[in-house]
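Please consider the following note alongside the sequence and the model. The points are set out in order for a reader new to structural work.

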Amino acid sequence: DFEAGGLGDAFGGAAGEIVADPETGGTRGQVAKLTGAAGEPWQGINVAITSNYLLTTDKTIEMDVYSDTAITFAPKAQGGVDGAPDSVSTASHTGSGWETLTVTFDQSLDGKAPANGEYSEMAIHYFWDTAANNFATASARVFYVDNISAIAVTPSETCSDGIMNQ
């Protein structure tokens, strides 16, 4: 969750800030508000994670996303340890408020490879065109993210029941 911060630098004209849950009567506390603008399609934000995460046999992460319009965006596993390749995936939201999305890093998108290893960083690219396998046309967009989770890695071993939360 984003109760103690957790956003890094935005890039390409994007913005990000920590705000209260946008849902009327929402109970999520602080969440990340991600704002994209018309113009540059390569927009996004780096997410500060609390521990390295593992994408090997299980190449999935989960995240709660809030939007009132249908959107597709591209999470990116980066900062690979010991040569683990950067990996980009896509996530689509129906526009119906809070949804828990499962993102699988098993594709070769944006010239990147399927995930295979330990990662120390994450980014979220705000605009993605799945059919073109490229960044989508940028338009004004606001969506919210909370509760990003994956299998966490401790310095000495993988925690099979550990969760990396942000």
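1. Leaving aside its neighbours within four places in sequence, with which residues is Gln-43 in contact? Among them are Phe-11, Gly-36, Ile-124, Tyr-126 and Ala-138, where contact means heavy atoms within 4.5 Å. Gln-43 is found in the loop between strand S3 (30–36) and strand S4 (44–47). Strands (E, at least two residues) are DSSP runs, numbered from the N terminus. Gln-43 has a relative accessible area of 1% and is buried; buried means under 20% relative accessible area, exposed over 50%, and partly exposed in between (1.4 Å probe, protein chains only).

2. This is a predicted model, in which local features need pLDDT of at least 70 and side-chain atom pairs count only at pLDDT 80 or more, while totals for chains, interfaces and linings use all residues. Residues are numbered from 1 along each chain as its sequence is written, and side-chain values use heavy atoms, with hydrogens and water left out.

3. A search of the whole structure finds two salt bridges (a side-chain nitrogen of Lys or Arg within 4 Å of a carboxyl oxygen of Asp or Glu). One of them joins Asp-64 and Arg-28, with the closest N and O atoms 2.8 Å apart. Asp-64 lies in strand S6 and Arg-28 in the loop between strand S2 (15–20) and S3, so the pair ties together parts 36 residues apart in sequence. Asp-64 is buried at 9%, whereas Arg-28 is partly exposed at 25%.

4. Lys-76 forms a salt bridge with Asp-86, the closest N and O atoms being 3.9 Å apart. Lys-76 is buried at 12% relative accessibility; Asp-86 is partly exposed at 27%.

Key:
Helix = DSSP H or I, 4+ residues; strand = E, 2+ residues; numbered from the N terminus.
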